[in-house]
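Subject: Handover of a structure

Hello,

Here is the structure I promised to pass on. Please look it over before reading my notes below.

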Amino acid sequence: MISGQGFTPVDDGSQTMNPGTSICRIPLCHGKEPITRKYCLFWKKDNSGYYIEEFAEMLKSKFV
């Protein structure tokens, strides 16, 4: 990627780049459909509590 001969997938969802960089972002598609990825979060039912549920909500807010 740095030498201009490759690519690297980025999953952060942001579209902004630092000014002055020579890196160009392009959407990844399969045909005309954008490539997407599903993320899942699991925890044991008997291990649920305030902190785990707050953490799950924080993660959800980053990907929804």
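Why does Leu41 count as partly exposed? Its relative accessibility is 40%, so Leu41 falls in that class. The classes are buried (under 20% relative accessible area), exposed (over 50%) and partly exposed in between, with a 1.4 Å probe and protein chains only.

Some ground rules. This is a predicted model, where local features need pLDDT of at least 70 and side-chain atom pairs pLDDT 80 or more, while totals for chains, interfaces and linings use all residues. Residues are numbered from 1 along each chain as its sequence is written, and side-chain values use heavy atoms, without hydrogens and water.

The fold. The protein chain has 1 helix and 2 strands. From the N terminus their order is β-β-α. Helices (H or I, at least four residues) and strands (E, at least two) are DSSP runs, numbered from the N terminus. Of the 64 residues in the chain, 2% are buried.

The surface. The protein chain exposes about 6,800 Å², and carbon and sulfur atoms supply 58% of that area. Accessible areas come from the Shrake-Rupley method with a 1.4 Å probe; for residues, only the protein chains shown count as cover.

The patch. Leu41, Trp43, Phe55 and Met58 form a nonpolar surface patch, with about 410 Å² of accessible area together. Patch residues have over 30% relative accessible area and no salt bridge; nonpolar side chains (Val, Leu, Ile, Met, Phe, Trp, Tyr) are joined within 5 Å, like charges within 9 Å. A salt bridge is a side-chain nitrogen of Lys or Arg within 4 Å of a carboxyl oxygen of Asp or Glu.

Leu41 sits in the loop between β2 (33-34) and α1 (50-63). Trp43 is also placed in the loop between β2 and α1. Trp43 is partly exposed because its relative accessible area is 36%. Trp43 and Glu53 are 10 residues apart along the chain, and 9.6 Å separates their C-alpha atoms.

Best wishes
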